[in-house]
Amino acid sequence: MIATLAEAALRSLVLGGVVWFGLNLFRVRNPHVHMTAWVVVLLASLAMPFVMHWPTLTITRLPLPVVVPDDFLPADISMLETPQPALPVAPGIAIAPQARSGLSINWWLIATIIYAGIAGLLLLRLAIGLCLTWRLARAAKPMNGLLMIAADVRVSRDVGGPVTFGSTILVPPQFAGWDAKKRLAVLAHEGAHVANRDFYVLLLASLNRAVFWFSPFSWWQLARLAELAEIISDAEAIEVIDDRLSYAEILLDFASTVKPRPVELAMARASTVRARVERIIAAAAMPVAVSWRKRLWIAAAIVPVVIVSAGMIAYRTAGRGARRRGCRRGARPALPPVRQFLRYGSGLGVRHLP
């Protein structure tokens with residue numbers, strides 16, 4: 001299992017490197033395109049342990065025939081099978097038996113235990129976060145009135161700022177006392193998370209990180225998807241209120257009060273606010289939204305890369321596995337006649353043809 005997961009992580013790393021290189025090569029700056037590409041990579045990473053067992057196209061290279069002149073072969077081929085005489089041993093010299101180790105360490109078992117322990121802790125943390133946040137969202141009170149977004153908005157006393165859990169938006173009791181621009185910015189930002197299904201995307205990314213915790217790419221992938229989700233939601237909120245500076249002040253205000261749980265989408269995390277504010281102030285134009293048809297074209301362009309990255313490593317591994325199986329069974333590859341003669345011909349009294 002460890003070898004399978006390690007190979008799947010390597011394939012995902014190759015796939016991510018190709019996608020990253022392609023996005024930078026074509027100088028793609030639209031966060032919607034980046035989000036679509038990395039979601040496809042995330043789905044491919046999760047499916048990689050199963051995809052790599054699919055049948056692949058294998059090209060077998062047949063050995064070329066070797067033409068050897070008759071006068072070059074030994075006169076009697078059976079003489080090649082003559083056993084070599086044993087080396088003489090000087091009297092008084094004893095050959096020590098091969099030492100056997102009394103303690104055998106099963107390294108694969110140790111690696112499996114370490115992997116299962118860390119993965120189990122990450123999955124347990126994720127499950128506890130989901131359970132606690134679900135209870136918090138269930139205990140919150142729904143808001144009445146027209147909110148202009150297709151989401152369930154609830155008031156909770158346990159949050160210091162707006163957060164998103166699934167399709168539910170949780171706001172603090174102070175929400176009713178905020179000015180109209182601030183409320184509109186909050187609903188636009190959180191509504192964009194709900195519309196884009198960012199919670200479920202990041203949930204899958206957290207699951208991918210728990211399974212492939214040993215791969216730095218899984219940690220980077222989760223951080224990158226969270227960053228892109230916030231960039232897209234910020235752009236949506238700025239487009240609604242049409243005031244960059246006011247929105248940046250709102251983010252700074254929330255950064256010191258919101259303490260989200262692991263599975264919540266908070267509007268302002270203290271670790272990301274500075275970069276987001278700098279991006280908001282420096283951006284010259286708003287990113288253009290990408291239609292679902294263009295997203296399907298982007299996904300279709302990445303699928304061949306997934307197939308190539310998976311098949312490339314599978315082919316090499318299959319070759320190594322075949323050689324290892326041959327060594328374990330005691331099978332030796334057959335040598336061409338010329339190499340047999342050069343290897344066994346001398347020292348065995350082989351008669352050569354005139």
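**Close-up views of a predicted model**

**View 1. Contact between helix 7 and helix 8.** In this predicted model, Arg244, Tyr247, Ala248, Leu251, Leu252 and Ala255 of helix 7 meet Val273, Arg276, Val277 and Ile280 of helix 8 (contact means heavy atoms within 4.5 Å; helices are DSSP runs of H or I with at least four residues, and strands are E runs of at least two, numbered from the N terminus). By class, this contact has eight nonpolar, no polar and two charged residues (Ala, Val, Leu, Ile, Met, Phe, Trp, Tyr, Cys and Pro count as nonpolar, Asp, Glu, Lys and Arg as charged, and the others, Gly among them, as polar). The axes of helix 7 (residues 244-255) and helix 8 (residues 273-282) come within 10 Å and cross at roughly 175° (axes are lines fitted to C-alpha atoms, for helices over the stretch in contact, and angles run from 0 to 180 degrees between N-to-C directions). The two helices are therefore roughly antiparallel (an angle over 145 degrees).

**View 2. Glutamate 227 in helix 6.** Helix 6 spans residues 216-241. Glutamate 227 is partly exposed, with a relative accessible area of 33% (buried is under 20%, exposed over 50%, partly exposed in between, with a 1.4 Å probe and protein chains only). Glutamate 227 and arginine 276 are 49 residues apart in sequence, yet their C-alpha atoms are 8.8 Å apart in space.

**View 3. Surroundings of tryptophan 38.** Beyond neighbours within four places in sequence, tryptophan 38 is in contact with residues including Gly16, Val19, Trp20 and Leu225.

**Notes.** Residues are numbered from 1 along each chain as its sequence is written, and side-chain values use heavy atoms, without hydrogens and water. Local features need pLDDT of at least 70 and side-chain atom pairs pLDDT 80 or more, while totals for chains, interfaces and linings use all residues.

Methods:
Angles under 35 degrees count as roughly parallel, over 145 as roughly antiparallel, 65 to 115 as roughly perpendicular and the rest as oblique.
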